[in-house]
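Q: I am new to this structure and would like to learn how to read its features. Where do we begin?

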Amino acid sequence: MIGQDPIAAFRVEAGELLEQIEQGLLDLGHRLDDRDLVDAVFRGLHTLKGSGAMFGFDALANFTHHCETAFDRVRKGLAPATQELVAVILSAQDHMRALVDGDGKGLEATGDAILARLQAAIDGAAGTPVAAVAEAPAQGWRLFFRLPPEAMANGSNPLMLLDELRELGECKIVARTDAIPPLTDLVPVECHIGWDVELRGDISRDDIDDVFIFVMDDMELKIEALAPEPAVETVSLPVAANDAPPPAEANPASGRPAAKAGESVRVPAERLDELMDRVGELVIVQSRLSQLAHGSAVGSEMALRSISEEIERLASELRDTMMVLRMVPVATLFGRFRRLVHDLARDTGKTIDLVTEGEATEVDKTVMERLADPMVHLIRNSCDHGLETPEERIAAGKPASGQVRLSAHQQGGEVVITIRDDGRGIDRERVRAKAEAQGLIQPGQVLADQELLQMIFHPGFSTAAAVTNLSGRGVGMDVVKRTIESLRGAIDIKSAPGEGSTVTLRIPLTLAIIDGLLVRVGEGRYVIPLAAVEECIELSLEDDLRSRGRSFITLRERLVPFLRLREMFETGTRPDPHQKIVVIATGAERVGLVVDQIIGSHQTVIKSMSALHRDVTTFAGATILGDGGVALILDVVQLVTLGQHQEERLRAAG
Amino acid sequence: MHQLLELQGSQTVRTAPELQRALLAALDAGADVALDISDIAELDLSFVQTVCSARHHAVLGGKTLRLARPAPGPVAALLTRAGFLTDITPDDLDFWFHGVLAQ
């Protein structure tokens, strides 16, 4: 937290500002006459410009300045907000993001192009070329200002503002004391002095605004241009009362923690307090324990047991509290897709509504980041393949605008995220034709509906007749599936012709801790993620001998391949007389694992493998057991694939 | 019969409530209060504001509040910086500098 790089902090803040601006713009696209939104966007741009200039991002500040000027005209009612303007500022906002991330080199041309479009949008909107008015060079300005009463208590020094004004040019400052209340009524920490200022010189309105940027929100400020310009421009702040809070003080609760881009999590203060409480209790128990260790009190066994129970409780509470620290609401994830859907709607010419539900549901931050890409893909699919064009929709008796609905809710230890569209649904005939063409199924082979739908998860599978810019290249669903499975999640797809498709993602709440089944193979112990375990059955000696060479068992009239872990791991031990088969599954594929003994279920804290063992595939990680021993965690996806290969090999061999 | 209120050291927003109480008490106790601010080392706007407010208060109560000696250098500097001396009224000039603006 200490010695934070201010540039990095600015980048984080700018990222948030840009996100707010983007959300504001997207809303504005739907409600062009919403004054509050215009104000919110304007202020976002304004703050970005101000802090950008402060941290030396001059290209950003200059560029943003033009967008702000354009928006200022909308705000003052000089120009209407138009779709064109919103679109231009959206693209400008992408450019700003590039400027924030880099040093702005080589981006000038892009910036200029956007500014030209911006100018065109503004001119088009106003109907008359009016660009000159906002920036009319005045001989100077006459202003009166009074700071918000609490400004001094908040640490702004009015004298510094006056000094800054003096730096702008020739300046005459007169203090006004008439608003100071009589001594009995005075709150001495509030500032009631006002100032009349006359500024002379080639000073732009924005230069003056920059001086007041940090106190602007509630202050009283009147600015008029000095003669000879007869034009009088009066702006009165504060702006609309129900306006969004200014970004700079958006979340005092989460304490504006020092956030380094990428690797940090914002944690609400109360959660940290909770953690602190637990740690405090732990310290107390620890001191009780050391007292016990040093003394030789009678009945120490009882005391020891009570301490042990206490520690057990604390450890589990600490674990819960700690896990919650990493949780972030999916709202941030869903928020990103609004822009995506907006762009997709524009590119495809469809009208698409994005509806989100359950944004407050929380997911581990790492999980969230890894979910973003697969979800982008699924949403693209929905918008591009799923939803029909307005004409087709009307012809099918549906409302012209399509809907994509994202929802999230928690269910046990999982978060369920669904992506639903009300489009045409998956074309089974085309899936079947494609699957046959690729040799995935035999022509005429009878398949359950669910199995048929699963085909789209095969690599290289695309039902799109035409490859579009957006999707249909055949990379995707298999990658989506793999990513979800690497998160130990599951993906499920439902589709009703003519009514739309629903993709359901089930993701475990956290990656750090899993419930596992502890088994023994030879002398080593291994953990199988419990979520993947379907059932455990005994492998009798006769069965074992009979199936030697052909590693299959018949399970409810279906052949399930199994792997002898003892052989795989080359333990060199004799098999236990009562071996067990643990049947694990991912999706519809199952495989049995032969183990010597099932020890029981085990709460597993996953430790990832060291860099040296990174390319070991059969194991997903390791964990430390209660007795200090190490158990390796089996990688279910890998093992199932291995089992299926074996099945294919055997089938090929006849 | 006048009261003398001596102020020293730092007179800033932190000590302003204290100053307010002292001024109120002094103005309650006597009709003529003199402030000695010659030894003020550090001050900010809140000091000037409190004194302005007290002057206002004194006028309303028919009392007199004055400075025992013309404002010393640091006070004058702050008044200049805050724009109190631009277009200064004779009244203010009398109060802060006893009628003579130091150069």
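A: Begin with a pair of strands: β12 (residues 513–521) of chain A and β19(A) pair in the antiparallel sense over 8 bridges. Strands here are DSSP runs of E with at least two residues, helices are runs of H or I with at least four, and both are numbered from the N terminus. Two strands pair if DSSP finds at least two bridges between them. This is a predicted model, in which local features need pLDDT of at least 70 and side-chain atom pairs count only at pLDDT 80 or more, while totals for chains, interfaces and linings use all residues. Residues are numbered from 1 along each chain as its sequence is written, chains are lettered from A and ligands numbered from 1 in the order in which they are written, and side-chain values use heavy atoms, with hydrogens and water left out.

Q: Which residue of β19(A) stands opposite A:R520?

A: Strands of a sheet pair through backbone hydrogen bonds, either parallel or antiparallel. Opposite A:R520 stands A:Q597.

Q: What is the order of the strands in the open sheet of chain A?

A: The 5 strands follow the order β19-β12-β13-β21-β20, with mixed pairing. At the edges are β19 (597–605) and β20 (619–624) of chain A, each pairing on one side only. Neighbouring strands of this sheet are turned by 35 degrees against each other on average, direction ignored.

Q: How many strands does the open sheet of chain B have?

A: It has 3 strands, ordered β1-β2-β3, and the pairing is parallel. β1 (3–11) and β3 (64–67) of chain B each have a single partner strand, so one side of each is left without a neighbour in the sheet. Strand β2 (residues 32–43) of chain B is joined to β3(B) by 4 bridges, and B:L35 has B:L67 as its bridge partner in β3(B).

Q: Which helix lies across β1, β2 and β3 of chain B?

A: That is α2 (residues 45–60) of chain B, which runs at about 145 degrees to β3(B). Axes are lines fitted to C-alpha atoms, for helices over the stretch in contact, and angles run from 0 to 180 degrees between N-to-C directions.

Q: What area do chain A and chain B bury between them?

A: The size of an interface is often given as the accessible area lost when the parts come together. Here chain A and chain B bury about 2,100 Å², 66% of it on carbon and sulfur atoms; buried area is the accessible area (1.4 Å probe) that two parts lose on being put together, summed over both. A:L159, A:L183 and A:P188 supply 34% of the area that chain A buries against chain B, more than any other three residues. In contact (heavy atoms within 4.5 Å) are 25 residues of chain A and 25 residues of chain B.

Q: Which residues form a salt bridge between the two chains?

A: Side chains of opposite charge can pair when their charged atoms come close. A salt bridge is a side-chain nitrogen of Lys or Arg within 4 Å of a carboxyl oxygen of Asp or Glu. The count between chain A and chain B is 1: A:D163 pairs with B:R81, the closest N and O atoms being 2.7 Å apart.
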